[in-house]
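Hello,

I am handing this structure over to you. Please have a look at it first, then read my notes below.

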Amino acid sequence: PKTDIVFLKVHKSASSTVMNILFRFGETHNLTFAFPKGGGNQLFYPHHFLARFVQGFSPRSPQPFNILCHHMRFLQPEVQKVVSSSAFYFSILRNPVQLMESSFAYYKGASAFSRARSLEEFLSRPYHYYNPTSKDSHYARNLMTFDFGFNPNGEVSPKRVQLMLEAIESSFDLLLISEYFDESMVLLKEMLCWDLDSVVSFPLNIRDSSTKSPLPDSVVEKIKNWNRLDWEIYTHFNRTFWERMDRDIGRERLQREVKALRERKAELARVCLQGVGSVAPKDIKDSSLRPLQHGSAKILGYNLKQGLDQDTERMCRRLVTPELQYSSTLYKKQF
């Protein structure tokens, strides 16, 4: 199994769920994490990543960390200073239409979104609300492009798009697609030589469907145009994802593996969870399992069954612990 891993945690793309998988694997195998200095939950985002943002990093005796997975703005030469040269780099992408809809709810307090009553209103006159120089403007346009380290307001010429895609391709071993989460986990498991239980997860940091609404086609087109760089990244890597899947796994085996993954997830849900799945924040009984609430989104969580034996309880708790709580537990353990 591979143990040296860089995960670029792209915002609003099921990346908190992936992070939980990495936290559990790292904790089980006693690996070291590249934590943000002082134990925060972001590596001084939205600044480009620097090695000195990592707690315990010293240029004089650079001892590589196993897993780098907290929010950062990617800058490979700096990342290479904190992980081994053989580290496996991966990230996850999401359709920019859903990504923008989610960002609008989650980052409603961002300067570009706070005055717009709806996403439609924002898109009808984006430059009325959006100022590229404000420090949180990245949440409102080409957020994936920004997280990968590029200029979200750059021109969309074929040449520039090509260079950006080539740069991502040369840095990353694998790009997953959040709309095909289970399929992505099958591919990730294959690439990392992990076992099934290592990639099983429950969805984390997801919002209640009551705050979601379907978007009219006219709005969908506006989102694509406004986030054209993200759209180019997404469509390109969605294609290469399936090319890779066909080459390395094949559709028949994929179906079998996805089925096995879903069955295991259902089994763990029966063992671990009260009720059928996620619950509203007000219904989470154990406050240590309550996720951070943000913007106008209602972030769901879980209740664990009572009376589990110690080992089962520990396994189940790891699966449902929200990112901030899990991160801070691991930070205290490591330092």
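**Salt bridges and strands**

There are 24 salt bridges in the structure. Keep in mind that this is a predicted model.

Start with R318 and E27. Their side chains form a salt bridge, 2.9 Å from N to O. R318 belongs to helix 14 (residues 310-320) and E27 to helix 1 (residues 15-28), so this pair ties together parts that are 291 residues apart in sequence. R318 counts as partly exposed, at 22% relative accessibility. E27 counts as buried, at 16%.

Helix 14 holds another pair. R317 and E313 form a salt bridge, with their closest N and O atoms 3.3 Å apart. The two are four residues apart in helix 14, so about one helical turn separates them. R317 is partly exposed at 26% relative accessibility. E313 is partly exposed too, with a relative accessible area of 27%.

Next, helix 13 (residues 251-272). R264 and E267 both lie there, three residues apart, about one turn of the helix. They form a salt bridge, and the closest N and O atoms are 3.2 Å apart. R264 is buried, with a relative accessible area of 19%. E267 is partly exposed, at 37%.

Now the strands. Strand 3 (residues 88-93) and strand 4 run parallel, joined by four bridges. L93 has I177 in strand 4 as its bridge partner. Is strand 4 (residues 174-177) covered or open on its two faces? Both faces are covered. L174 and L176 are buried on one side, L175 and I177 on the other.

Best wishes

Methods:
Residues are numbered from 1 along each chain as its sequence is written. This is a predicted model: local features need pLDDT of at least 70, side-chain atom pairs count only at pLDDT 80 or more; totals for chains, interfaces and linings use all residues. Side-chain values use heavy atoms; hydrogens and water are left out. Buried means under 20% relative accessible area, exposed over 50%, partly exposed in between (1.4 Å probe, protein chains only). Two strands pair if DSSP finds at least two bridges between them. A salt bridge is a side-chain nitrogen of Lys or Arg within 4 Å of a carboxyl oxygen of Asp or Glu.
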